Amino acid sequence: MKRAQVWIPVLMVLVAATAAVCVGVGPVVIPPARVMEVLLAGGGSGLDPTEVAIVWELRLPRVLLALIVGMGLGAAGAGYQGLFRNPLADPFVIGASSGAALGATMAMISGWGGGVAGLGPVTLAAFVGALLAVLFVYGLAAVGRQAPTLSLLLAGVAVSSFLGAVVSLLMFLHEEKLVNIVGWLMGSLAGRGWPAVHTTVWLVLVAVLGLGLCSRALDALTFGEEAARSLGLSLHGLRLSVVAAASLATAAAVSAGGTIGFIGLIAPHGARLLVGARHAAVIPASAALGAWLLLAADALARTVVAPGELPVGVMTALFGGPFFLYLLKTRPGELSG
């Protein structure tokens, strides 16, 4: 844990510094000193109203949302990899992403204009779709009161493939909505605003806390299911707890930012390299690394083609894919469980 005591505070400082810099980054560059002046003044008089609007209404909620979504994906990835004892597992392994995609697609096609607790129709539909998909997968995998790990993985793959096919069919049948659907599926944090931040932060914090409470049980599971049972661990309770917490984090993150890949896959690997294998350290370190990765990716997404911007999901794939291949080639032991 000595490594964790050093690296986790370092990661937290890195995330805070990156977030502060990212508030000033974009088509209109605002120096860090001006950003701090605007933030400390709370948008009071004597400041450039354009800068105040950019910082408080556009940049700050977007940066905070990137931080929150990255935290959720990183922690969920650590939870799923620990539960399945599979270093290739990610937050979308049991259908959360496909369920969210289907929910969002149906909301866009229907033109539904409702909303709850500050969540817009697409965000709300994506959140509900993700949770329903995970519940469906868990129900399919359950045998009596048990849900074996392999059954969860297989059911997740099958349901994800089916829901993905339904989304593709809906896109084919509703070409007039194609641009909106594809844009959401690529992932974006633009235009979400403060309501998304206020709702997502509590969901992600509850989920990360829940995963943290499962850390000792996940450590025991590392040695195999028989060893965990011999220690008196309830595997059914552990699976249910981890799936519930990780899926809540994933559903909240995907509903707020769309489909953003590789964060939850790579962050836990980086965390284990820094803090070791104990989940009490891996989960918070994964959350911090996930936040930092998404902050950096979103900053690049809105600057490389300024004044336009790229979908943040494209940026995470462009950098995450090659990095993961590098990890696979140079550190095969890290990926062998």
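Trainee: How many of the 13 residues of helix 12 are buried?
Mentor: Eleven, so helix 12 is largely enclosed by the rest of the structure. Keep in mind that this is a predicted model.

Trainee: Which residues of helix 12 are buried?
Mentor: Among them are Ile 263, Leu 265, Pro 268, His 269, Arg 272 and Val 275.

Trainee: And how far does helix 12 reach?
Mentor: From its first C-alpha to its last, 18 Å. That is close to the 18 Å expected at 1.5 Å a residue.

Trainee: What comes just after helix 12?
Mentor: Gly 276, with a positive phi of about 95 degrees.

Trainee: Switching to helix 1. Which residues are buried there?
Mentor: Ala 4, Ile 8, Leu 11, Val 15, Thr 18, Ala 19, Cys 22 and Val 23. Looking down the axis of helix 1, these buried residues fall within an arc of 125 degrees, so they line one face.

Trainee: What covers them?
Mentor: The cover includes helix 2, helix 3, helix 12 and helix 13.

Trainee: Which exposed residues sit on the face turned away?
Mentor: Lys 2, Gln 5, Val 6 and Val 13.

Trainee: New topic: the surface. Which residues make the nonpolar patch of about 440 Å²?
Mentor: Leu 300, Val 304, Val 305, Leu 318 and Phe 319.

Trainee: Where does Val 305 lie?
Mentor: In the loop between helix 13 and helix 14. Val 305 has a relative accessible area of 39%, so it counts as partly exposed. The cut-offs are under 20% for buried and over 50% for exposed.

Key
Residues are numbered from 1 along each chain as its sequence is written. This is a predicted model: local features need pLDDT of at least 70, side-chain atom pairs count only at pLDDT 80 or more; totals for chains, interfaces and linings use all residues. Side-chain values use heavy atoms; hydrogens and water are left out. Patches are made of residues with over 30% relative accessible area and no salt bridge: like charges are joined within 9 Å, nonpolar side chains (Val, Leu, Ile, Met, Phe, Trp, Tyr) within 5 Å. Accessible areas come from the Shrake-Rupley method with a 1.4 Å probe; for residues, only the protein chains shown count as cover. A salt bridge is a side-chain nitrogen of Lys or Arg within 4 Å of a carboxyl oxygen of Asp or Glu. Helices (H or I, at least four residues) and strands (E, at least two) are DSSP runs, numbered from the N terminus. Buried means under 20% relative accessible area, exposed over 50%, partly exposed in between (1.4 Å probe, protein chains only). The arc is that of the directions from the helix axis to the C-beta atoms. Contact means heavy atoms within 4.5 Å. The expected span of a helix is 1.5 Å times one less than its number of residues.
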